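Visitor: I am new to this structure. Please take me through one part of it closely.

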Amino acid sequence: MKKFTVIARPDEISEELKHRTIADLKMAGYEYNPDWPDYCFVIGGDGTFIYAVHSILRKHKKNLDKVLFYGIHTGTLGFYTDYLDTEYEEFMETFLSGAYEITTYPLLQVEYDTHKHNAINEIRVENSARTQLIDVYVNGEKFETFRGTGLCVCTQLGSTAYNRSLGGAVIQEGLDFIELTEMAGIHHSKYRSLEAPIILKGDTELEFRSPSFHDAIIGCDADVYRIDEVESIRIHICQTASVHMIRGRKVSYFDRLKSLF
């Protein structure tokens, strides 16, 4: 018997849809099992979807590839969902009939010391306490020395999130790229880095080195980790796990952009 879980945003509409989804899936012969799901139904917005991915990662990192995520938006149309809450019947019928496609999206991975963390949108290295110096290496080659608040590395999906607010480029859906964007860089005659966002091939590995990351943090989407004693940080596309999403219907990428921005 196929197992499922439901993760919902804590608001009245989302909670009502959560209970309805659980009841309908049980009636269709599926088992509600939050611990070992084959399907994760997400009810809310894009933030809820990211939270759901991290929730599954924390519980069952090695089994992420075995979970299919399927979302319905209780607000505006999102990048992670194809249906609005007013389209619940179509949303559920699409799933139960199997009339859907599965799309795979990459995860970013950061490695430092013995730690590994993942993100679906972006990984940030930032220091709000003082100017952070970072030597940036691209595939092992020294690229630049950055001074400022920090650096943001995003996926194609994450290009419309925090990266966009930093002035980064929006990357069209389907392109296998990552993007590096500065956070409040210092630029004058003595210190200068690229300043502009740079879009890199998906198989690029970035390394950030610094004589001191004291007071700095690594942000993996909404998860935050202190890195005071760290000297080197490596960021790349994860080779061992990815996010598999059920897509119920074709929605133009540019329609999504227009609905949100």
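Leaving aside its neighbours within four places in sequence, which residues is Tyr112 in contact with?

Guide: Keep in mind that this model is predicted. Start with the place of Tyr112: this residue lies in strand 6. Tyr112 is buried, and its relative accessible area is 4%. Now the contacts. Beyond the neighbours within four places in sequence, Tyr112 is in contact with His117, Ile218, Tyr225, Ile227, Val230, Ser232 and Ile233.

Take Ile233 from that list. Along the chain, 121 residues separate Tyr112 and Ile233.

Now look from the side of Ile233. Again leave aside neighbours within four places in sequence. Ile233 is then in contact with Val110, Glu111 and Tyr112, and also with Val125, Leu206, Glu207, Phe208, Phe213, Ile218 and Ile227. Ile218 and Ile227 are contacts of Tyr112 as well.

Step back to the core. The largest nonpolar core has 25 residues. Those that touch the most other members are Phe208, Phe213, Ile218, Ile227 and Ile233. Apart from it lies another core, of 24 residues, including Val53, Leu107, Val243 and Leu257. In soluble globular proteins, nonpolar side chains tend to be buried together.

Follow strand 6 to another feature. The largest pocket holds about 380 Å³ of space. Its lining counts 22 residues, and the closest to the centre are Thr103, Tyr105, Glu173, Gly174 and Arg247. Strand 6 (101–112) gives the most to this lining, with five residues. Helix 5 (253–260) supplies at least two. By type, the lining of the largest pocket divides into seven nonpolar, seven polar and eight charged residues.

One last stop: the cysteines. The count of disulfides is zero. Cys152 has its closest cysteine sulfur in Cys154, 5.6 Å away, so the two are too far apart for a bond. A disulfide would need the sulfur atoms within 2.5 Å. Cys152 is buried, with a relative accessible area of 0%. Cys154 is buried too, also at 0%.

Back to where we began: Tyr112 is buried in the model, and Ile233 is among its contacts.

How values were computed. Residues numbered from 1 in each chain as written. Predicted model: local features only at pLDDT ≥ 70, side-chain atom pairs only at ≥ 80, totals over all residues. Heavy atoms only, no water. 1 Å grid on protein atoms, 1.4 Å probe; cavity = no way out; pocket = protein on both sides within 12 Å on 5 of 7 lines; lining within 4 Å. Points joined across faces, edges and corners; volume = space filled by probe spheres on them. Helix = DSSP H or I, 4+ residues; strand = E, 2+ residues; numbered from the N terminus. Nonpolar A, V, L, I, M, F, W, Y, C, P; charged D, E, K, R; others polar. Core = buried A, V, L, I, M, F, W, Y, C linked by side-chain atoms within 4.5 Å. Buried < 20%, exposed > 50% of the residue type's maximum accessible area, 1.4 Å probe, protein only. Contact = heavy atoms within 4.5 Å.
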